[in-house]
Amino acid sequence: MHDPESRCFHDPSAEAGDVTAPVLLDVRDLVVTYVSDAGAVRAVDGVSFAVHAGETVALVGESGCGKTSVAFALMRVMAPGARIGAGSRITFDGADLLALDERAMCDLRGRKISMIFQEPASALNPVMKVGAQVAEVALLHGERSKRAAWDRAVAMLDRTGIADAARRAHQYPHELSGGMRQRVLIAMALMMRPALVIADEPTSALDVTVQAQILDLLRDLQRETGMAVLFITHDFGVVAELCSRAMVMRAGRIVEDAPVDRIFHAPADPYTAELLRAVPRLTADR
Amino acid sequence: MKFAAAVLVLFVVVAVAAPAIAPHDPRATPQSETQKNLPPSGAHPFGTDQYSRDVLSRVIYGARVSLGVAVVAVMLALTLGAAIGAVAGYAGGWTDIICMRVVDAMLSVPRVLLLLVLVASTGPLTVGGIIVLLGCTGWPGTSRLVRGEVRLLKERDYVLASRATGTPEWRVFVLHVLPGLVPQLLVTGTLALATVIPLEAGLSFLGLGVQPPTASWGNIISDAAGRPGDTWWVVLFPGLAIVCTVLAVNTIGERLRERIDPRGRSRA
Amino acid sequence: MRFHSVRRGACVMLGAAALLAGCGGGDGSGGGTVIIGTGQDPKTLFPPASDNIQARVVTELIFERLADRGGSLNTLGDAGFVPRLAQRWDWSADSLRVTFHIDPRARWQDGRAVSAEDVRFGFAVFTDTIVGARTGADLRAVVDSISVGDSLTCTVWFRQRSPERFDVLVTSLTPLPAHLLRAVRRDSLALSGFARNPVGNGPFKLVNWEQQVRLELAPSPSYAGARPALDRVIWTFAPDASTLVKQFMAGESDFLENLSVDDAAAAARQPNLRVIRLGSFGYNFLQFNLRDGASDRPHPLFGSRTLRRALTMALDRQLLVRSVFDSLGRVGLGPFVRAQWSADTTIAQIAFDRQQAARLLDSLGWHTGADGIRTRDGQPLAFTLIVPTSSNPRQSFAVLIQEQLRIAGVKVDIERLDGNTLVDRIQKHAFEAAMGGLAATPAPSGVKQTWTGAAARDGGLNYGRYENAAFDAQVDSAISAAAQASAKSHYRAAYQIIVDDAPAIWLYEPPTLDGASARLQLGTLRPDAWWMGIPSWSIAPGKRLPRDAAPAKTP
Amino acid sequence: MRRFLLARGAQALAVIALVATLAFTLVHLAPGDPFAASLDDPTNTAALHAQQMHRWGYDQPLPVQYLKWLGNLARGEFGWSHSRNRRVADVLLETVPRTFLLMGAALVAGVLAGLALGTWQAARRGTPAERASGTLATAVLSVPEFLVALAALALPAARWHLFPVSGIADPAMHDSMSAIGRAWDVTRHLVLPAGTLALLTAAGVSRYHRSAMLAMLPEEFVRTARAKGAGEYTAVVRHALRNALGPLITIVGLLLPTLFGGAVFVETIFSWPGVGRMMVEAVGGNDYPLVLAGVLVGSVLVVLGSALADVLSALADPRLRIEA
């Protein structure tokens, strides 16, 4: 199922159309503050960007720059103690996310926006069968029949490339390999065919060979469903391979937002250039 | 924490200064029968008991006995536990195995049952006897802790170094290993205090603890518990004293533990 | 007689008529259920082995004896004794033999007739040392043997003409079913199934006994006398005294014996309860050890008669009794209780007189020191008083005495001991002074075993080792006197001697207070063996509860 | 898993054997003897006493008594209870199930309540109500069992007559009730004593469980659950709670000794005819075989309970279960 051809998915002509697509997600002046006994820390300090429907955008930066905080803020699943600043606005599909009540937000999560996490080992519930964890998404979003939800989960697992998905669905996370767990997480995220998937370093915990497989899978699925992907990573190699546009983040701010080509060839911000120099010249090999 | 410490300090001050504070002699019995079982009033804020004794004064004097017994018993338990744990940890081999099996055995018997058996075999106890009994049943936890630490610490460089210079083992333990254990022991001891105080009270309640007329919080209650609930004040006030002390001690112990061990590593 | 916490000894029926006639059983809806709260299980229901009070209560309702004491509490000869298992008895001319005629209708609960052989068998079991019956020694001392005439007559051969021999015989011996027990080894009788499921011949039979929980009796259908009015008598067991009281106050039990004074006051305030005060057979005292510990030397303090009298004078016994028992207790008069026929309230007492006490102590060389405690040659006037923790009144008295003697310049240290340790210490004479108590029986001769010189030696019960030949002589004369009047005068003389010598401070006769639900119709309760009246108890019409209609579990 | 079970079982047996030996030594080295209680009675002469001591073998050397006792134990014979005049085994057959009932009810009620409270506290962390409930739980844990029991006896039972004061069943009417009636009867009698123990258990469990839950909430998979669209309730209950349960079972095992100790007081105060009350009475009556049996039962219960807890918590975790 891994078509070697598909590695060359980067098609600049397709991107041009994306820019004209409607804005799916619009973030304005996002501020995230962590309050602790030691005082308040601004992890995200006035970030603004937009994601268009069907677009694959990268949010790049070093660890600790606040990119994961942005992701959590978009989903409103922040750690206790984190606060979104009063002047921040997040508009998704025309709706003001920050104004939604918790119930409406729950309805949105997993169905319209979903998330793929960094650590497949810890992001899965260790005492629940993986099939049940995937099926839960369907059950949370309208599916009444447990049986049907389970079948949908198995189908989805199968779609993410898990061989013998019907049997695997009955297993627990610790019985699966790292790559397979990440496929489970992807299955969960894509179960409801969301308009936007936030992928938070989905490959950084995996072996290099598995990384490539997972990236392929994501690319396939993206093409198939037409979803928008906000790809959070510190790896410019991944950015080059998957994304049409990249936003570079530093110390809670976006310092550059540009198409990938321009980022690579003519970085406007000195920090971007510095980051690029630190990256192994993977792209150059191609 | 501060409030808890204040409460505890208050009780300790009350215990130490009992003769100066107590409004009446806790053992004195007025010559008239009209003084008995009086509800709380201005003259007797905590009322009087069936022997016409002032309950407030008895609670104040009881603080001496209850806190004294608990503190000394806990110190005894810590000392025993540290000694046995150290011996087991250093000696290793059969000594260690036997010591630790005994610890397992003692921990597997509910402490109340252990005390019941001991009291069954010794008969009613003096205050000293109760301290010894509570101390002798309280050491296993500490010894396990100390043994574990000793086994970790005895391979440390500075310990090895001082042993290489010919310092005797026990000196190495006292000079180098024990100081490292003090914070842990402090926490263990504080929390042990919170179990020993109710235990002494419970034994006294069963009539097996501190014998009257010496007042302890436990036997003030048992004096009245044998009688109908009409004299609630004789039960309530010493009961409150127990609860407040234990609560304060527990709070302080928990905070101490958090301080030396922020992640709650050594729960058991 | 025994050192005891307040318990009543063997006793009397105030009118067996009530037992036999006050019967009839209630209305059409049955006789009802009575629940009695009590602290302890009987250990065994085998009469020779029954050594706790609850065992006695139950076995005496299940088993009948030949005869029982009558209302006069007389213990001399057979005057006033009422027939029970025996219809009548005849004395031989020399009064060394008595022949009992057993009621021909009497049946064991398995249907077998009670026979004379059962009396002889009972005697053999009670007197067999391997069985270890508590009353065996008394029986052996008085009775030589029992012979069987025919199936319904047996003859008891006494060893001598002691005036209380009939009393000892009938109160110490319970006939046992020979046909069931003959085959059982004597040393395992007390452990046999019979001890848990006895087959008796009395008005009640055992229905069910769950240890620690309850014991239930029901009228025995094979009983020849009147059927008890109640359908069920149930004891529930609770180890904690306050629980028993709460149970009673809440109406969960109908009867509770031995209420404390405060509990009795609380019960009296409740309209559905009442408190019954019974005559007492216990008397309590502060006992001095006249010797120095277990040695033969006189005790440095209590060897002195004057000092003992001075201490007695220093105590306001009226106030003590009022403080502990309110108006319910009575001041002790001597080594006897008011309910005994030998009692004499005119014995001259050592009256409370603080000045006189002080003068006596001064005359002995004990002078008040700086701290208020008298000293002589640098020695303080101090002693240790041991008190059983099992007895609340005795502890109260000890505390009050400590205070009153402190005023007199005497320092008393109170040492509280549990019952067993206390008895152990006293038996080894390892004490200076003790808060003692004795449960008397209606027989005043018990004083010989507790206060005479003979009892001071060889493990006798005179633990303080008071010895006065004149007292001993008067007691012996009283015991061997056949006529009550002459016995009485000798007892009086003996009591006066011992009261004057003050080997103990006679403190109080504890009140016996029982609580009963107002729905119970109890008739007159026996002064001590209150349970002997249970066959005539009934439930007042209109005060029946659901439990009165509940049927017993069919075994 | 099998090796784990075997090792755990062997360890439990060794501990129990040691407890038996320690208890035997303690009890028999003591001054006094089983028949001393009857010294209270002057008719119990020295000769009678000696005869009793001989008859029950208390005059033999201690090692001989010990070996005999062990031999009997091996055959399931605990000896003869002097204070009850019955085989100890028969006494245990009656009392142990009652204590199991009491402790079982207390454990189930207490653990469920503690779980509910701890979960609620974790979900509502930081709110004033949650803080108050936490303080309350700590306060409850500072109250000795006998005080709680006395209060329960004094107010709901004795003053308000909501529940029976004592015992295990209605002494007069229980036997004539229907099966449902009997169950209800026992339940009524069980409420206060089991409730007393359950209250303390719940306080302890809620404290452990709250912190276990709080430790669980920052876990990634809880965030995953939220990201799936699970509400706070589902995230906490379905995901965090299930993961916190395994360690909790071990904690419950560790609570057993405390619970048993509490049962001693509760059974005495409420006249619940179980092992705890049996022990107190046996100690009072110097009934050595019964005392020893009581200690053994207590430790077997604790040892087996904690072994069972270990096994259960292993079973509750699929990561460990795989080896079974």
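Two residues are taken to be in contact if their C-beta atoms, placed from the backbone, lie within 7 Å. By that criterion, no contact joins chain A and chain C of this predicted model. The pairs of chains without any contact that are described here are set out below with the separation of their closest C-alpha atoms.

| Chains without contact | Separation of closest C-alpha atoms |
|---|---|
| chain A and chain B | 15 Å |
| chain A and chain C | 47 Å |

Within chain C, an open sheet of mixed pairing is formed by 7 strands, which follow one another in the order β8-β9-β10-β1-β11-β22-β12. Because β8 (204-210) and β12 (273-278) of chain C each have a single partner strand, they stand at the edges of the sheet, and one side of each is left without a neighbour there. Across β12 and β22 of chain C lies helix α8 (residues 261-268), which runs at about 140 degrees to β12(C).

Chain D contains 12 helices and 2 strands, arranged from the N terminus as α-α-α-β-β-α-α-α-α-α-α-α-α-α. The C-alpha trace of chain D spans about 85 × 55 × 40 Å along its principal axes, and 51% of its 324 residues count as buried. Of the contacts in chain D with a separation of 6 or more, 75% are between residues 24 or more positions apart.

Key. Residues numbered from 1 in each chain as written. Chains lettered and ligands numbered in written order. Predicted model: local features only at pLDDT ≥ 70, side-chain atom pairs only at ≥ 80, totals over all residues. Pairing = 2+ DSSP bridges. Helix = DSSP H or I, 4+ residues; strand = E, 2+ residues; numbered from the N terminus. Axes fitted to C-alpha atoms, helices over the stretch in contact; angles between N-to-C directions. Buried ≥ 20, exposed ≤ 12 C-beta atoms within 10 Å, placed from the backbone.
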